[in-house]
Amino acid sequence: MMNCGSDKVIYMDNNATTRIAPEVLEVMMPFLQDCYGNPSSMHTFGGQVGQVVEQARAQIAELLGADPEEIVFTSCGTESDSTAILSALQSQPENRHIVTTRVEHPAVKNLCETLDMLTGHKHRVTRLTVEADGTLDLAAYQEALTEDTAIVSVMWANNETGVLFPVEEMAALAKERGILFHTDAVQAVGKIPINLRESQIDFLSLSGHKLHAPKGVGVLYVRKGTPYVPFLHGGHQEHGRRGGTENVASIVGLGRACQLAGEMMEEENTRVRALRDKLEHGLMSSIPKSLLNGHAEDRLPNTSNISFEYVEGEAILLHMNQHGICASSGSACTSGSLEPSHVLRAMGVPFTAAHGSIRFSLSIYNTEEEVDFVLEKMPKIIADLRAMSPFWEG
Ligand SMILES: *Cc1c(COP(=O)(O)O)cnc(C)c1O
């Protein structure tokens, strides 16, 4: 058996993935062992499994303020995003325009770059830029909507900065013009209250592994009456909306995770937010030339993205790793050159700062002792790296 040494780890990378909650694992186990029936089978052995899938569907609908029939199970957030966007294009072949942003997750960003190949049609994509604090200009958004816009796809919360977009307001503006609206809410679900019944959102994506359920299960919410074309054609699972035998254990886990997320929302927005704020204020006051990336208030309660000028994010991460601290950097090492993230570039974060950005993303499992430990270690890590930097003049 592999030992990940997770007991020694200070995990502050919850926007990348989360641990499976013990309560979630517990309800999953029977479906990985004795209850292995196929939910589509006619016999009771399988049919009972079908019932727990429906129970999970209801638990997820409850968290979203949706109806169970509006929930379609998928394999991940990425599949949900692809399904929504490709469905809108296929159900309205005459509409070849898409509105999105420059700061979307690769699941939407890279899909929009390959649409012509996937659909055999030419598409125009408008990518809205963001302000320096990562927020969107609603006037520019309204101007971008045209006669032939098929769909707007805008994330609810940014995975790198945590910045929230006013997607409910944006969906209402799209609806006035008869345009479909999709939101990638993978980072928002479980962290902020969502009530789809009071919104005009047509499609919403979520992913299990970002809210303490397993990897490899997701959901696409499809509003009742919204035109829909499946992404995976196959059996009649999900009422013909998504072929493929259901990932039963993970679906059951996701249902329980959504129930827990509803119960923990208050803690997420009080205790976790306070820990995040303590970490953020502590780092920024003890480390000179540190800058917050993203709007200070319009943000997820768990995320803090801070740039430490004149040092490389990846070098910082290596040093943090030696103390067992897990986080992410805003630069991806592509073909040997360090490219700052597309999100920080869209925000116009200066070059010297974009390279040294670190994303801390907390969860209900983080403790104040962990925050204190990180606050104790970080100033020396940054100071040591700066001492070696040719650009740092103290
Ligand atoms: C993680 C993430 C995804 C992708 O979800 P997967 O289940 O890993 O495919 C999509 N969008 C956002 C904002 C994410 O954070």
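Predicted model: local features only at pLDDT ≥ 70, side-chain atom pairs only at ≥ 80, totals over all residues.

Me: In what order do the seven strands of the open sheet lie, and which are the edge strands?
Reply: Helices (H or I, at least four residues) and strands (E, at least two) are DSSP runs numbered from the N terminus, and two strands pair if DSSP finds at least two bridges between them. The seven strands form an open sheet with mixed pairing, in the order E2-E8-E7-E6-E5-E3-E4. Each edge strand pairs on one side only, and these are strand E2 (71–74) and strand E4 (124–128).

Me: By how many degrees are neighbouring strands of this sheet turned against each other on average?
Reply: Axes are lines fitted to C-alpha atoms, for helices over the stretch in contact, and angles run from 0 to 180 degrees between N-to-C directions. For neighbouring strands of this sheet, with direction ignored, the average turn is 20 degrees.

Me: Which residue in E8 is the bridge partner of Leu204?
Reply: Strand E8 (residues 218–222) is joined to E2 by four bridges, and these two run antiparallel, with Phe73 standing opposite Val219 in E8. Strand E7 (residues 203–207) also pairs with E8 in the antiparallel sense, over five bridges. In E8, the partner of Leu204 is Tyr221.

Me: How many residues of E8 are buried, and which lie on each face?
Reply: Buried means under 20% relative accessible area, exposed over 50%, and partly exposed in between (1.4 Å probe, protein chains only). By that rule E8 is mostly covered, with five of its five residues buried. Both faces are covered, with Gly218, Leu220 and Val222 on one side, and on the other Val219 and Tyr221.

Me: Which residue in E5 is the bridge partner of His97?
Reply: Strand E3 (residues 97–101) is mostly covered, five of its five residues being buried, and it is joined to E4 by five bridges in a parallel run, where His97 stands opposite Arg124. Three bridges also join E3 to E5, and these run parallel. In E5, the partner of His97 is Thr149.

Me: Is Leu86 buried or exposed, and which residues does Leu86 touch?
Reply: Leu86 has its place in helix H3 (residues 77–91), and with a relative accessible area of 8% it is buried. Its C-alpha atom is separated by 9.2 Å from that of Leu111, which is 25 residues apart along the chain. Contact means heavy atoms within 4.5 Å, and, not counting residues up to four places away in sequence, Leu86 touches Leu111, Leu115, Leu118, Thr119 and Phe231.

Me: Why is one side of E9 and of E12 left without a neighbour in the sheet?
Reply: These strands belong to an open sheet of four strands with antiparallel pairing, in the order E9-E10-E15-E12. Strand E9 (290–292) and strand E12 (328–329) stand at its edges, so one side of each has no neighbour in the sheet, since each has a single partner strand.

Me: Why are H1 and H9 called roughly antiparallel?
Reply: The axes of helix H1 (residues 22–32) and helix H9 (residues 248–286) come within 8 Å and cross at roughly 160 degrees. Angles under 35 degrees count as roughly parallel, over 145 as roughly antiparallel, 65 to 115 as roughly perpendicular and the rest as oblique. H1 and H9, crossing at roughly 160 degrees, are therefore roughly antiparallel.

Me: At roughly how many degrees do the axes of H9 and H13 cross?
Reply: Among the residues that meet here are Leu275 and Leu279 in H9, and Val371 and Leu375 in H13. The axes of H9 and helix H13 (residues 368–387) come within 10 Å, and their crossing angle is roughly 15 degrees.

How values were computed:
Residues numbered from 1 in each chain as written. Heavy atoms only, no water.
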